[in-house]
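I opened the file to see how the chain is put together. These are my entries, in the order I made them.

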Amino acid sequence: HHTTMAGFSAQRLLYAFCSSSATAAGSLIGGTFHPRQFSAGNVARATAAKIDKEPWWKESMEKVRNIGISAHIDSGKTTLTERVLFYTGQIHKMHEVRGKDGCGARMDSMVLERKKGITIKSAATYCNWKGSKINIIDTPGHVDFTIEVERALRVIDGAILLLCSVGGVQSQSITVDRQMRRYQVPRIAFINKLDRMGADPWKVLNQARSKLRHHTAAVQVPIGLENEFTGLIDLVKLKAYYFEGPHGNDVVVKQVPSNMEAFVADKRRQLIEAVSEVDDILAEAFLSDDTISDADLDEAIRRATIARKFIPVFMGSAVKNKGVQPLLDGVLSYLPCPIEVRNYALDQSNNEEKVELTGSPDAPLVALAFKLEQTQSGQLTYLRIYDGVIRKGGFIFNVNTGKNIKISRLFQMHSDEMHDIQEAHAGQIVAVFGPECASGDTFTDGSVKYTMTSMAIPEPVMSLAVQPVLQDSGGKFSKALNRFQREDPTFRVGLDPESGQTIISGMGEMHLQIYIERIMMEYNIATSVGKPRVNFRETITQRATFDYLHKKQSGGQGQYARVIGYIEPLPGAKFEFENMLVGQAIPSNFMPAIEKGFKEAANSGALIGHPVDNLRVVLTDGAAHAVDSSELAFKLASICAFRQCYGASKPVILEPIMLVELKVPTEFQGAVAGELNKRKGVIVGNDQDGDDSIIRAHVPLNNIFGYSTVLRSMTQGKGEFTMEYKEHSAVSHDVQTQLINTYKGNKAAE
């Protein structure tokens, strides 16, 4: 066969195909693979070479699902997980969350969790269903633990959003859904508790459309509701499922009851219409009136769900053991496997450039430590592997700290039990003992410098001074703070240089409160807490020039340094130093010292001693002395130069502004809005939601301390609010004067 391809002789082509290491002809020819250019025999051999290489991981990857279950408090997350583990054979006896046997459900392993009714530590477990492996991660939903939620959602590929058939779409459901949307997680919904009085799945479905703006339709119809709830009808396969046996383990498949045929046909048409709106292939079949087979519909739902254009809705009652097995089938049918999800890493060696990960075990290792746990035997680190393979006894490299770590043991977690394994590849979730790391660190095999999350961690917005009540518990106290700092990068610990107190900083009142309680519960240390403090910043508003000569002659070697240049505002960055010096007026080896001096001076502004942000320092000229100039002289010169010109640059104080979202009954709307205005808040949005008003406002953090108690007393305990950091912005003139006077007063008192 004569193949025309530039630069290749016949022998080389033949060699390429006979070579046993040939993965695919395309890669050997150095271009795309064009079957037309080869004979049928060659193509067959090339395809065989490709097939030999792929299946070992491709097939196993298609049988993995990493999912999270999240919902409003008390919608039945833990109960559902318990049923899933029971039906998949992971546990052999079911316990209720508040059961009479006092065992408690499997996934609740921490005492504090139920006291507060929120998930603090997310639990991880795995199970096998119909030959596929499902990793389940429970996710916390509170805004103060943003970083926890962020990581949990980074790690899962798909999610189950649980809704209560009586409560419907509640406030926490909205928050959780918003987070899933932000992290682009494909999801399926499960309407639980169909056995309860007043259960109405169709009401909940309409709420999901209106409140969550879901494009959604039911893939199941319940047979009876409340006490008469006996089974489900699958709208895709048109079969009725009944759950028999002592624990509903036997799924009995029957024909659709004749009295429900018309209703089922109508709901199936609605499902097909909803899916064909977002899936072109199904739309074509639907418009040309072809019969739509269940396989076609199944594939269309899967495509639309993975593309996040559609959310299929399942139904059931976890407590009554109905509807859990079809939900597991739905997880396999409609949620993506690890290679169908796009994961991006940031290349640290290339200015945080986005890199798409292939999800292949053949690629270099990339894994994210998304959770740390302190156990009796040391620190347990949970890893999600995105690329490559981890082996017991092998080495991994921590990109954030630059250390190599040996893996002595590798586990699969089942709530708080560990199962030893030898190796794990991309797409899996494992735990390892030992590596000193923080959560959010990325591990590789050392050949690439990728990180999974950006190194940018939100700045803390609130600080508290804390100290142990008893002086002799200082050692345990600092041990506790160090551990929390490792587990949660948004939690910072520092020392106040003036008062010598320990200052903890975090994302809000709730955030810091939880840590103070954990110090009490886990380390048995009582702490006294000072008044909350706000992290102000300073910045300049106009350009100002400096020309400073630092000269000291006191016998022996003197000090001589002169710096000339200007400072100017730089929006969007913290600090930038630019050397625009022409010629050699200042030797280049003094440049780092000059930059260091300006950086140090910018650490505390002259107004209230807080760091100066959005600052650009430009050096245009200067002078040096052959003998008397030193790094110290230039550092001191730049510190003094900064202070000299700072006043002329019209500095202002910046304060953190919070985006506050309040949900209050409409009758209190006027009083709440008035109170917000009193606190210098700016109302930016007001929506009606049933009997509630949802008010969005930008409020300075300094004016919102203790607001939760005020809001409760104003709204008879019915109001709730969440807040997240928005930005730092300039304070008004009178506030600035007041802050400066307070600062000067404190200084004078010292």
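**Entry 1: Leucine 365**

I looked up the contacts of leucine 365 (heavy atoms within 4.5 Å) and, leaving aside its neighbours within four places in sequence, I found Ile385, Asp387, Gly388, Val389, Ile390, Ile396, Phe443, Thr444, Asp445 and Val448. This is a predicted model, in which local features need pLDDT of at least 70, side-chain atom pairs count only at pLDDT 80 or more, and totals for chains, interfaces and linings use all residues. I number residues from 1 along each chain as its sequence is written, and side-chain values use heavy atoms, with hydrogens and water left out.

Where does leucine 365 lie? I placed leucine 365 in the loop between strand 13 (353–357) and strand 14 (366–375). Helices (H or I, at least four residues) and strands (E, at least two) are DSSP runs, numbered from the N terminus. Leucine 365 has a relative accessible area of 3% and is therefore buried. I use buried for under 20% relative accessible area, exposed for over 50% and partly exposed for in between, with a 1.4 Å probe and protein chains only. Histidine 425 is 60 residues from leucine 365 in sequence, and their C-alpha atoms are 8.9 Å apart in space.

**Entry 2: The chain as a whole**

I noted 20 helices and 38 strands in the chain. Of its 750 residues, 51% are buried. Among contacts in the chain with a separation of 6 or more, 71% join residues 24 or more positions apart.

**Entry 3: Helix 16 and helix 17**

I took helix 16 (residues 591–602) and helix 17 (residues 631–646) next; their axes come within 7 Å and cross at roughly 40°. The axes are lines fitted to C-alpha atoms, for helices over the stretch in contact, and the angles run from 0 to 180 degrees between N-to-C directions. The two helices, helix 16 and helix 17, are therefore oblique to each other. On this scale, angles under 35 degrees count as roughly parallel, over 145 as roughly antiparallel, 65 to 115 as roughly perpendicular and the rest as oblique.

Which residues make the contact? On helix 16 they are Ala593, Ile594, Lys596, Gly597, Phe598, Glu600, Ala601 and Ala602, and on helix 17 they are Glu631, Phe634, Lys635, Ser638, Ile639, Ala641 and Phe642. I sorted the contact of helix 16 with helix 17 by class and got nine nonpolar, two polar and four charged residues. Ala, Val, Leu, Ile, Met, Phe, Trp, Tyr, Cys and Pro count as nonpolar, Asp, Glu, Lys and Arg as charged, and the others, Gly among them, as polar.

**Entry 4: The nonpolar cores**

I looked for nonpolar cores, meaning sets of buried Ala, Val, Leu, Ile, Met, Phe, Trp, Tyr and Cys residues joined through side-chain atoms within 4.5 Å. The largest nonpolar core has 67 residues, of which Phe546, Ile567, Ile594 and Phe642 touch the most other members. Helix 17 supplies the largest share of this core, eight residues. Apart from this core lies another, of 50 residues, among them Ile223, Ala240, Leu297 and Tyr334. In soluble globular proteins, nonpolar side chains tend to be buried together.

I then checked isoleucine 594 and, not counting residues up to four places away in sequence, found that it touches Val563, Phe577, Ile586, Leu619, Phe634 and Ser638.

Why is helix 13 (residues 324–334) described as largely enclosed by the rest of the structure? Nine of the 11 residues of helix 13 are buried, so helix 13 is largely enclosed. The buried residues include Pro326, Leu328, Val331 and Tyr334.

Helix 12 (residues 294–306) packs on helix 13 at an angle of about 75°, with the axes 9 Å apart. That makes helix 12 roughly perpendicular to helix 13. I listed Asp298, Ile301, Arg302, Thr305 and Ile306 in helix 12 as meeting Leu332, Ser333 and Tyr334 in helix 13.

**Entry 5: Two residues with positive phi**

Leucine 238, in the loop between strand 8 (231–234) and strand 9 (239–244), has phi near 55°, a positive value in a residue other than glycine. Leucine 238 is partly exposed, with a relative accessible area of 33%. Asparagine 524 has phi near 60°, also positive in a residue other than glycine. I placed asparagine 524 in the loop between helix 15 (509–523) and strand 28 (527–529), where asparagine 524 is exposed at 59% relative accessible area.
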